[in-house]
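Student: I would like to go through this structure with you, one element at a time. Could we begin with strand pairing?

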Amino acid sequence: MIKNKDIAKLLKISTATVSLARNNKPGVSEETKKNVQEIILDMAEKEAQKQGALKGAQGTIAFVIHKKHGKVISDTPFFLTLTESIQNVAAAKNFNVNILHYNEDDDISNHLLRCCDESINGILLLASEMEASDLAPYFDCGKPAVILDSHYPDENLNTVIINNKDAVRKCVKYAYQMGHRKIGCLKSSVYTTNFVERYQGYLSTMRELGLEVEEEYIYHLRCTSDDAYDDMKQLLERGCKLPTLLIAGNDLLAIGALKALKEKGFSVPGDVSIIGFDDMPISRMMDPPLTSVRIFINEIAREAIKRLIERIQEEDSCTIKIEVAGALMIRDSVKQLN
């Protein structure tokens, strides 16, 4: 377990500041949040290496974190929790984990040499920011692989993902049950498969319920809470038209928009209701506490490690796509209109 006091000592900041940064709470600069997240990942990697001498280990898994832009992976606490969960689940199965990072400016050849090293038995690839064209080099290694947090319909791959469309369907149907008919969307201007699927889930459920999708209710925001706040504030200053409810691509978009709305004199949920996605710890402490979709990170890690170990230990030509459902956590950010 990575402790706040250890991070605080390394960065020469208070444990309270570490706690705020770790949970993505306001009152901490983006630079401090980034530094804390980098330290956590670095400490997790060192711990994984330390466990590499695990007696009787059945093998070693490479957990590859592939960043194209880093604007999602670096800013969302989901990925830190996921990394810890993968390490814990793998250790329980008696497998070591090597955490390998790739940023777009890195030398891909050196990175792939580490992924393809003979000590690696299988690859767990975090593909949240990846496109299909980025995948091929990893499969040239010839090692068993499982894709995590993204899927590619035209590729025959083992994948473990969030069931984004069904989760957003729950959000739209809940809004409808609460009497909302003018339902808008806080959409990320940064690409990930998750954001695309969540928006598709919004569109398909609106059509299913016979509701009109109005373009003026679709807001394109950058995907950190500070950037989303700035973007939403500018839209409000331009006099954008508001629906009665907004469904966000993730909690950071929801939190940024909520702050901008309140600063401009709008009541949440009195004037505008909001539903988030991710159920970050801070969402429960917002004013009002945010209705959001909870993601079951431990289950995602368990299913991914289980499938990868199956591929390592068995000759198997079958590919499996596993979708882990989310749960709508109902709080106080949605007003009942009927």
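Student: In which sense do β10 and strand β12 pair, and over how many bridges?
Tutor: In this predicted model, β10 and β12 (residues 327–329) pair in the antiparallel sense, over 3 bridges. Within that pairing, Ser292 has Met329 of β12 as its bridge partner.

Student: And in which sense do strand β9 and β10 pair?
Tutor: Strand β9 (residues 273–278) pairs with β10 (residues 291–294) in the parallel sense, over 4 bridges. Here Asp278 is bridged to Arg294 in β10.

Student: What holds paired strands together in general?
Tutor: Strands of a sheet pair through backbone hydrogen bonds, and the pairing is either parallel or antiparallel.

Student: Let us turn to the open sheet. What is the order of its strands?
Tutor: The open sheet has 6 strands in the order β2-β1-β3-β4-β5-β11, and the pairing is parallel. Its edge strands are β2 (95–102) and β11 (321–324), each of which pairs on one side only. From one strand to the next, the twist averages 20°.

Student: Which helix packs on it, and which strands does that helix touch?
Tutor: Helix α5 (residues 108–115) packs on the sheet and touches β1 (59–66), β2 and β3. The direction of α5 makes about 175° with that of β2.

Student: How many bridges join strand β4 and strand β5?
Tutor: β4 (residues 145–148) and β5 (residues 159–162) pair in the parallel sense over 2 bridges. Leu148 has Val160 in β5 as its bridge partner.

Student: Now Leu125: where is its place, and is the residue buried or exposed?
Tutor: Leu125 lies in strand β3 (residues 122–126). Its relative accessible area is 1%, so Leu125 counts as buried, the cut-off being under 20%.

Student: With which residues is it in contact, beyond its neighbours in sequence?
Tutor: Leaving aside neighbours within four places in sequence, Leu125 is in contact with Val64, His66, Met130, Leu135, Tyr138, Val146, Ile147 and Leu148. Ile147 is 22 residues from Leu125 along the chain, yet their C-alpha atoms are separated by 5.0 Å.

Student: Moving to helix α4, what span should its 16 residues have?
Tutor: At 1.5 Å a residue, α4 (residues 77–92) should span 22 Å; the end C-alpha atoms are 23 Å apart, which agrees. After α4 comes Asn94, with a positive phi near 70°.

Student: Which residues of α4 are buried?
Tutor: Among them are Phe78, Phe79, Leu80, Leu82, Ile86 and Val89.

Student: At what angle does α4 pack with helix α11?
Tutor: The angle between α4 and α11 (residues 297–313) is about 45°, and their axes are 9 Å apart. The two helices are therefore oblique to each other, and α4 passes α11 in a right-handed crossing. On the α4 side the residues that meet α11 include Phe78, Leu82, Ile86 and Val89, while those of α11 include Ile297, Ile300, Arg302 and Ile305.

Student: Finally, how far apart are the axes of helix α9 and helix α10?
Tutor: The axes of α9 (residues 225–237) and α10 (residues 251–263) are 7 Å apart, and the helices pack at an angle of about 40°. That angle makes α9 oblique to α10. Their crossing is right-handed. Residues making the contact include Tyr229, Met232 and Leu236 of α9, together with Leu252, Ile255, Gly256 and Lys259, among others, of α10.

How values were computed: Residues are numbered from 1 along each chain as its sequence is written. This is a predicted model: local features need pLDDT of at least 70, side-chain atom pairs count only at pLDDT 80 or more; totals for chains, interfaces and linings use all residues. Side-chain values use heavy atoms; hydrogens and water are left out. Two strands pair if DSSP finds at least two bridges between them. Buried means under 20% relative accessible area, exposed over 50%, partly exposed in between (1.4 Å probe, protein chains only). Contact means heavy atoms within 4.5 Å. Axes are lines fitted to C-alpha atoms, for helices over the stretch in contact, and angles run from 0 to 180 degrees between N-to-C directions. The expected span of a helix is 1.5 Å times one less than its number of residues. Angles under 35 degrees count as roughly parallel, over 145 as roughly antiparallel, 65 to 115 as roughly perpendicular and the rest as oblique. A crossing is left-handed if the near helix is turned anticlockwise from the far one by less than a right angle, and right-handed if clockwise.
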